[in-house]
Amino acid sequence: MIPYKDDNPTRRPPVVTLAIIALNVLVFIMELAGNMQAMAFNYGAIPKAMLTLQSNQPISPVLTVFTAMFLHGGFLHIGGNMLYFWIFGNNIEDKLGHGRFLVFYLLSGVVAAYSNALVDPTSTVPMIGASGAIAGILGAYILLFPRAQVYTVIILIFFIQIVRLPSLIVIGFWIIIQVINGLMASGVTGQHAGVAWFAHIGGFLFGLGMIKVFLKTRRR
């Protein structure tokens with residue numbers, strides 16, 4: 001199930017969404033031109049360092065929570081993240097306004113990173129990617145626009161079909177996958193994975209629970 005656009009127009013240009021996408025692409029180009037692995041260890045969010053505030057990284061572990069949001073591990077990683085962000089981010093920016101949207105996005109990323117760190121506090125593997133922050137956007141979107149139609153590609157072996165589905169189904173399916181994989185990675189089924197699933201879950205729950213708070217502050 002791969003969404004590629006929604007039928008949910010906005011009233012104003014999503015300048016912050018576009019700026020964040022552009023910054024992610026720029027940083028990714030820098031990664032490709034340099035040493036991707038070194039950048040991940042220098043500027044990625046390492047759970048143990050985040051919680052103990054002790055690391056050999058060139059910047060404070062607190063700051064890596066923010067720098068990690070703009071690092072990615074490959075073309076599929078950044079491509080998937082930016083696609084989801086473009087589809088769903090512009091409507092949340094339209095609802096919140098540019099400034100509040102930026103704060104909401106960054107806070108979603110912070111909560112996501114620490115959610116995963118608390119689940120695996122001794123890990124020295126750096127977390128990178130915008131997916132935790134984007135998960136917060138998805139949580140907000142599913143609450144505000146549950147019936148918005150999302151154009152989605154369904155792939156079943158050799159069968160490919162484009163359908164319109166409510167965001168409740170598209171995003172709901174996404175978060176169910178995150179929870180299942182998170183449980184598997186945490187050892188419930190004895191399996192492990194290199195994806196910060198609980199960052200996705202934490203970011204999603206933050207977006208789901210806090211979007212109405214951000215909307216109320218805007219009205220005031």
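Biologist: Which side chain meets Asp94 in a salt bridge at 3.3 Å, N to O?

Modeller: Arg12 does, with its side chain and that of Asp94 at 3.3 Å, N to O. A salt bridge here is a side-chain nitrogen of Lys or Arg within 4 Å of a carboxyl oxygen of Asp or Glu. Keep in mind that this is a predicted model, where local features need pLDDT of at least 70, side-chain atom pairs count only at pLDDT 80 or more, and totals for chains, interfaces and linings use all residues. Residues are numbered from 1 along each chain as its sequence is written, and side-chain values use heavy atoms, with hydrogens and water left out.

Biologist: OK, and where do Asp94 and Arg12 sit in the chain?

Modeller: Asp94 is in helix H5, Arg12 is in the loop between S1 and H1, and 82 residues separate them. Helices (H or I, at least four residues) and strands (E, at least two) are DSSP runs, numbered from the N terminus.

Biologist: Is Asp94 buried or exposed?

Modeller: Asp94 counts as buried, because its relative accessibility is 7%. The cut-offs are under 20% relative accessible area for buried, over 50% for exposed, and partly exposed in between (1.4 Å probe, protein chains only). Arg12 has 28%, so Arg12 counts as partly exposed.

Biologist: How many salt bridges turn up in the whole structure?

Modeller: The search finds 3. One of them pairs the side chains of Asp7 and Arg164 at 3.2 Å, N to O. That pair also links distant parts of the chain, from Asp7 in the loop between S1 and helix H1 (15–33) to Arg164 in strand S3, 157 residues apart. Asp7 is partly exposed at 42% relative accessible area, and Arg164 is partly exposed at 42% too.

Biologist: Switching to the strands, what does S3 pair with?

Modeller: S3 (residues 159–166) runs antiparallel to S2, joined by 8 bridges. Two strands pair if DSSP finds at least two bridges between them. Arg164 shows up again here, as the bridge partner of Tyr151. S2 and S3 make a hairpin with 2 residues between them, and Ile157 in the turn has a positive phi of about 55°.

Biologist: And S1?

Modeller: S1 (residues 2–6) pairs with S2 (residues 149–156), antiparallel over 4 bridges. Asp6 stands opposite Val150 in S2.

Biologist: Last one, what does Ser123 touch?

Modeller: Ile46, Pro47 and Lys48, not counting residues up to four places away in sequence; contact means heavy atoms within 4.5 Å. Ser123 is in the loop between H6 and helix H7 (131–144), and is buried at 13% relative accessible area. A polar atom of the Ser123 side chain also lies 3.2 Å from the backbone nitrogen of Val125.

Definitions and conventions:
A polar contact is a pair of N or O atoms within 3.5 Å; within protein, one must be able to donate a hydrogen and the other to accept it, and residues adjacent in sequence count only if both atoms are side-chain atoms.
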